[in-house]
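Thanks for coming. I will go through one model today, starting with its sheets and ending with a few single residues.

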Amino acid sequence: MGVSTSRPEKGVAVVTVDYPPVNALPVRGWYDLADALRAAGRDQDVRCVVLAAEGRGFNAGVDIKEVQRDPGRAAIIGANRGCYEAFAAVYECEVPVVAAVRGYCLGGGIGLVGNADAIVASEDAVFGLPELDRGALGAATHLARLVPQHLMRALFYTSRTATAEELHRHGSVWRVVPREELAEAALELAREIARKDGYLIRLAKAAINGIDPVDVKRSYRFEQGFTFEANLSGVADQVRDGFGTAGRE
């Protein structure tokens, strides 16, 4: 349980998240994930990182129960900062990151894959931001990197999900494969990337990040301010406790 790193073959590191039962990460988990990604990227023998998960789904976002158990605001502040660090670690990883997505990819999961360099998904993968049902705001920055602007807005406002095949049609998912083939499909892409010169692939990652039209860290931080405002106002607690149905009229 937790975050682990393996080296299945030359040039490739696999960072795996395992937080049963649904891979909803506690505050510490987001920081551990960030540390593992940064360490893998710094390793000069690594030329590509695969971000994977055990269990039923890839990621269910923040551990809401941890937030609900906190009578103050330390947990929500910690979750905000931890997510920020983990998303940034994917984006800033010195080598390309391939996300291997299975089952659900929700909330914070979108922040991770939206900042990845490539996505391979299983046929049962679904992607969405149920943030409004959780009394939160955020990661629209990253969903906008996966789908067109108006679809992003509709998905965000409704908390609906999009399938892996739909994202494949939009060009944001590289391949869609049966679940049992996901690990090998992700490794296949990582293997192809890892054949490139190590120094050159790091230059390429930095160059591509440098021409991004949106500063993903800055825009996500802006979104997080509204999440904290929702918590200070009390409406976030009402919505979380009502499972997305309660709140101000």
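**The six-stranded sheet**

Six strands make up an open sheet of mixed pairing, and their order is S1-S2-S3-S4-S6-S9. Strands here are DSSP runs of E with at least two residues, helices are runs of H or I with at least four residues, and both are numbered from the N terminus. Two strands count as paired if DSSP finds at least two bridges between them. At the edges stand strand S1 (2-9) and strand S9 (175-177); each has a single partner strand, so one side of each is left without a neighbour in the sheet. From one strand to the next, the twist averages 20 degrees. For such angles, axes are lines fitted to C-alpha atoms, for helices over the stretch in contact, and the angles run from 0 to 180 degrees between N-to-C directions.

Before I go on: this is a predicted model, where local features need pLDDT of at least 70 and side-chain atom pairs count only at pLDDT 80 or more, while totals for chains, interfaces and linings use all residues. Residues are numbered from 1 along each chain as its sequence is written, and side-chain values use heavy atoms, with hydrogens and water left out.

Back to the sheet. Strand S3 (residues 48-53) and strand S4 (residues 97-101) run parallel and are joined by three bridges. Val49 stands opposite Val97 in S4. Helix H1 (residues 27-42) packs on this sheet and touches S1, strand S2 (12-18) and S3. The direction of H1 makes about 175 degrees with that of S2. Contact means heavy atoms within 4.5 Å.

**The three-stranded sheet**

There is also an open sheet of three strands, ordered S5-S7-S8, again with mixed pairing. Its edge strands are S5 (104-106) and S8 (161-163), each pairing on one side only. S5 and strand S7 (residues 126-128) run parallel, with three bridges between them. Leu106 has Gly128 in S7 as its bridge partner.

Is Thr227 buried or exposed? Thr227 counts as buried because its relative accessibility is 4%; the cut-offs are under 20% for buried, over 50% for exposed and partly exposed in between, with a 1.4 Å probe and protein chains only. Thr227 lies in helix H10 (residues 216-233). Apart from neighbours within four places in sequence, Thr227 is in contact with Asn80, Ala136, Leu137 and Gly138.

Leu200, in helix H9 (residues 198-210), counts as exposed because its relative accessibility is 54%.
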